[in-house]
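Here is a walk through the charged side-chain pairs of one structure. Keep the 3D view open and follow each pair in turn.

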Amino acid sequence: MIGARLSEQDIIVIGAGVVGAATALALRREGHGVLVIDREGPAAGASSGNAGAVVNESCAPTAMPGVWKQALASIGDPLSPLSIRPSYLLRAAPWLLRFLLASRQGRVASIARELHALSQHAASDWRKLTKGTALDGFFHDGGWLKVYETEAAFEKTAAARKLMDALGVGYELLSADDIRNLEPALAPIFHHGIFQKSSLRCDDPAGLVRAMVDEAVSAGAAFRVATVTALEPQGQRVRVRCGSETLGARRVVVAAGAWSRRLAAQVGHKVPLDTERGYHVMLPRGTEALLSRPVLNGERSFVLSPMRAGLRMTSQVEIAGVDAPPNFARVRHLLPEARRMLPELDVREESVWMGCRPSLPDSLPVIGPARNAPNVLFAFGHQHLGLTLAAVTAFAVAAVVAGREPAVDLSPYRPERF
């Protein structure tokens with residue numbers, strides 16, 4: 001174990017991804033004794049491989065009206081932007097049904113409001129959490145840019161733009177010239193753009209998570225690598241079993257990402273958590289200089305994002321569970337498209353990665369106390385917005401622990417909604 005010893009008043013945070021690390025740091029700064037436990041180590045899961053975008057005021061859910069057509073067409077197509085492995089289809093069916101129900105027009109509008117309530121201060125909360133530390137250097141202004149070649153592709157964003165307009169989300173529509181002025185290295189093939197200027201870029205998501213854990217430990221928290229096998233609430237305490245060892249805590253925060261469902265079930269919540277697996281390829285150091293911000297290719301549903309170690313290309317969604325072997329062809333087949341997007345791009349592969357985004361079918365995370373065990377707090381299921389919402393979630397959890405009213409009403413994200 002690294003860091004301070006635990007006292008009788010300490011909090012155990014299960015999970016050292018971006019949400020768990022941010023939560024541990026926020027709790028430690030408020031004076032709580034904190035132990036972070038992770039099955040592998042900081043940033044070992046989905047938090048290490050994302051596109052590095054903090055999408056301020058994000059509001060469009062994954063399940064938009066008409067997504068059922070895309071879902072049906074994707075079954076058996078391993079290279080579709082949304083792919084469902086046939087071998088996993090039966091197991092995923094309950095999740096997929098809830099996902100499709102969440103795409104109904106009225107439900108989408110409600111989800112959008114609830115996502116926006118969480119994300120509208122995402123950038124400022126990150127600046128608040130990192131202010132005065134080396135962590136601040138991981139973040140850069142520059143915004144979030146989505147580009148489209150064709151009128152047809154751009155028109156498919158109409159429903160999302162309608163949600164953004166209804167919620168007052170700040171964005172600009174860009175012409176071909178505007179796009180070229182923002183990103184001169186892009187090929188002159190994009191005629192429409194959507195630009196959210198208030199968003200941030202993180203240039204090393206894995207490094208950020210490790211640095212947050214280090215910051216918390218330096219401030220007196222503790223960290224260990226272990227697999228939590230059981231949670232046992234007992235009055236005002238929670239017993240946490242790690243193999244043959246049992247720890248006690250005043251409170252426990254479950255922030256174990258894709259592995260949170262089993263722990264939630266142990267305290268009485270059957271949460272329909274599954275995974276949207278994502279992929280990335282890292283391209284050689286120096287390629288990051290071609291772009292100033294993450295750029296989404298709207299036709300092909302991939303993102304090119306500048307990182308400290310090179311340019312990262314991330315792909316979208318695969319429904320296949322946590323145990324299936326990766327299919328790296330899902331991202332590698334997009335390399336010619338990346339070169340078409342950036343003609344100067346060196347597309348030699350430096351590394352390739354797959355991670356499991358923890359996702360609920362309604363696109364909302366689970367944040368808040370367990371119904372029958374209020375000293376167990378949930379903070380998982382952030383799907384594509386883990387990096388975006390980590391600081392917001394951290395401050396919300398810290399407020400609940402301290403008995404304060406969180407800045408965001410947490411009732412829409414309560415675990416018992418299922």
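Start with Glu232 and Arg241, whose side chains meet in a salt bridge at 2.6 Å, N to O. Keep in mind that this is a predicted model. Glu232 has 24% relative accessibility and counts as partly exposed. Arg241 is partly exposed too, at 27%.

Now move to Arg127. Its salt-bridge partner is Asp141, with the closest N and O atoms 3.5 Å apart. This pair links distant parts of the chain, 14 residues apart. Arg127 sits in helix α5 (residues 122–130), and Asp141 in strand β6 (residues 139–141). How accessible are the two ends? Arg127 is partly exposed, with a relative accessible area of 26%. Asp141 is exposed, at 61%.

Next, find Arg107 and Asp362. Their side chains form a salt bridge at 3.9 Å, N to O. Arg107 lies in helix α4 (residues 105–119), while Asp362 lies in the loop between β21 (351–359) and β22 (366–369), so the pair ties together parts that are 255 residues apart in sequence. Arg107 is partly exposed, at 27% relative accessibility. Asp362 has 8% and counts as buried, because the cut-off for buried is under 20%.

Stay with this pair a moment longer. Arg107 and Asp362 belong to a network of salt bridges that also links Glu114 and Arg417. Across the whole structure, a search finds 18 salt bridges.

Terms used. Residues are numbered from 1 along each chain as its sequence is written. This is a predicted model: local features need pLDDT of at least 70, side-chain atom pairs count only at pLDDT 80 or more; totals for chains, interfaces and linings use all residues. Side-chain values use heavy atoms; hydrogens and water are left out. A salt bridge is a side-chain nitrogen of Lys or Arg within 4 Å of a carboxyl oxygen of Asp or Glu. Helices (H or I, at least four residues) and strands (E, at least two) are DSSP runs, numbered from the N terminus. Buried means under 20% relative accessible area, exposed over 50%, partly exposed in between (1.4 Å probe, protein chains only).
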